[in-house]
Amino acid sequence: MIAAPILLLVIFLCNFGSSFIPPEIIGTENDPYIVASLIQLFILVIPTLIFCRLRGGKYMKRLRFKGFRSGHTAFMFFALLLMFFGSCGINYLMHILFPDANVSSGYDNADGFAGGLYLVLTMAVIPAITEEFLFRGVILAEYETEGVPSAVLLSSITFAMLHFSFAKLPAYIFCGLILAVVLYTTRSIFAAMLVHMLNNTATIFFGDLIFRAVSSQGVVLFCLILVLFILLSAILMFGECERIYASYGVLNEDSSYTGKRKKGRGMAGIIHSIFAPIFMLLVILYIVIAAIGI
C-alpha cells in the first residue's frame, strides 16, 4: 500500500526527468530505439532491483521466476491472440472517439532481417522483460496482500499509466489484465514475459495494418471480423485456462497466493488500494505528465 506506489513514483519521476536530457548528449537523434531501451533498463530495472534487495533475500521467490509447462503453450497462444486483437480493437475505438489521438504502433519500417531483429530486440524483448519484472512481478506481489483482484487491477492500471498516454490507456489496461491472467494461470513470470514479447513483436510488424484494412475493407466488415477474432480467442483462452486449473485440482497443487490474501479483501481491497493517498499522488503525477505530452 505504501512501498509499491513509492517505487512507482520514483520510476515515473525518473522517466519524466529523462525527457529533459538533451538528445545530442545521449544520441537519441542517431539511434532512438537503442537509447530508449537503455533508458528503460536504467529507469525500470535498477530501482526495482534495489527495492527487491530492501525487501530481503527471500523476496524474489514471491515473483514466480520459474518456467512454464509445455501444456501451457496453447493457453499462452490464445492469450496472445486475444491480447493483440483486443488491443487493436480498443485502439481503433479510441481512434474513432478521438481522431487526433495517436494510437498507432509508432515504429519505423525495419530495413532487412538485421533491422527487423534489431527493432524486435529494442522495442519488444527489452520492454517485455523489464515491464513484466516490475508490474507482473513486484507490483502484483505487493498488492497481493490486498487480494488477488486488487493485485490484478492495480498492476494493470499502473502498467498502463507508465506509458503516459490518455488515448492508449484502455488498451494498455486490457493488455495488463491478460498478462496477469497468464501469470496466475501458468504461475510463471516467464510466460507473461514471452506473451508480452510476442505481442510487442506482432504490434511492430502488423499493428498499423489494422488501420489500413479499415480504409480498404470498410468499418463495418472490419469490426465484425475483429469482434469474431476477439470472441473466438477469448473462448479458446478461457477454455484452456479451465483445463489447466482442473489439472491443478486433480494434482492437488497449492496456489501460492491464497495464503497471503487478507480476509475480506475483494472489492474492499481494490477500493482501499486505489484511494490510498500515495497512489492518488501517483495518479495526479500521471495525469500531469500525460497532459504535457512527454
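Colleague: Why is Arg64 called buried?

Modeller: Its relative accessible area is 7%. Buried means under 20% relative accessible area, exposed means over 50%, and partly exposed lies in between (1.4 Å probe, protein chains only). At 7%, Arg64 therefore counts as buried. This is a predicted model, where local features need pLDDT of at least 70, side-chain atom pairs count only at pLDDT 80 or more, and totals for chains, interfaces and linings use all residues. Residues are numbered from 1 along each chain as its sequence is written, and side-chain values use heavy atoms, with hydrogens and water left out.

Colleague: Where does Arg64 sit, and what makes its phi worth a remark?

Modeller: Arg64 lies in the loop between helix 3 (32–55) and helix 4. Helices (H or I, at least four residues) and strands (E, at least two) are DSSP runs, numbered from the N terminus. The phi of Arg64 is near 60°, positive in a residue other than glycine. Most residues other than glycine have a negative phi.

Colleague: Which value does Phe164 have for phi, and is Phe164 buried or exposed?

Modeller: Phe164 has a phi near 50°, again positive in a non-glycine residue. Phe164 is in the loop between helix 6 (148–161) and helix 7. Its relative accessibility is 8%, so Phe164 counts as buried.

Colleague: How do you know which elements the protein has?

Modeller: The protein has 12 helices and zero strands. From the N terminus, the elements read α-α-α-α-α-α-α-α-α-α-α-α. Buried residues make up 47% of its 294 residues.

Colleague: Why are helix 4 and helix 7 called roughly antiparallel?

Modeller: Two packed helices are described by the angle between their axes and the distance between the axes. Axes here are lines fitted to C-alpha atoms, for helices over the stretch in contact, and angles run from 0 to 180 degrees between N-to-C directions. The axes of helix 4 (residues 73–97) and helix 7 (residues 169–186) come within 8 Å and cross at roughly 170°. Angles under 35 degrees count as roughly parallel, over 145 as roughly antiparallel, 65 to 115 as roughly perpendicular and the rest as oblique. Helix 4 and helix 7 are therefore roughly antiparallel.

Colleague: Which residues of helix 4 and helix 7 meet, and how many are nonpolar, polar or charged?

Modeller: Contact means heavy atoms within 4.5 Å. On the helix 4 side, the residues include Phe75, Met76, Leu82 and Ile90. On the helix 7 side, they include Pro170, Phe174, Ile178 and Val182. By class, this contact has 15 nonpolar, five polar and no charged residues. Ala, Val, Leu, Ile, Met, Phe, Trp, Tyr, Cys and Pro count as nonpolar, Asp, Glu, Lys and Arg as charged, and the others, Gly among them, as polar.

Colleague: What makes the buried residues of helix 11 line one face?

Modeller: In helix 11 (residues 267–274), Gly269, Ile270 and Ser273 are buried. Seen down the helix 11 axis, they fall within an arc of 100°, so they line one face of the helix. The arc is that of the directions from the helix axis to the C-beta atoms. An α-helix has 3.6 residues a turn, so residues three or four places apart point the same way.

Colleague: Is Glu142 buried or exposed, and which residues does Glu142 touch?

Modeller: Glu142 is in helix 5 (residues 112–143). Its relative accessibility is 6%, so Glu142 counts as buried. Leaving out residues up to four places away in sequence, Glu142 touches Ala3, Ala4, Phe51, Arg55, Tyr59 and Arg62.

Colleague: Why is Leu93 called partly exposed?

Modeller: Leu93, in helix 4, has a relative accessible area of 46%, so it is partly exposed. Ile50, in helix 3, is also at 46% and counts as partly exposed.
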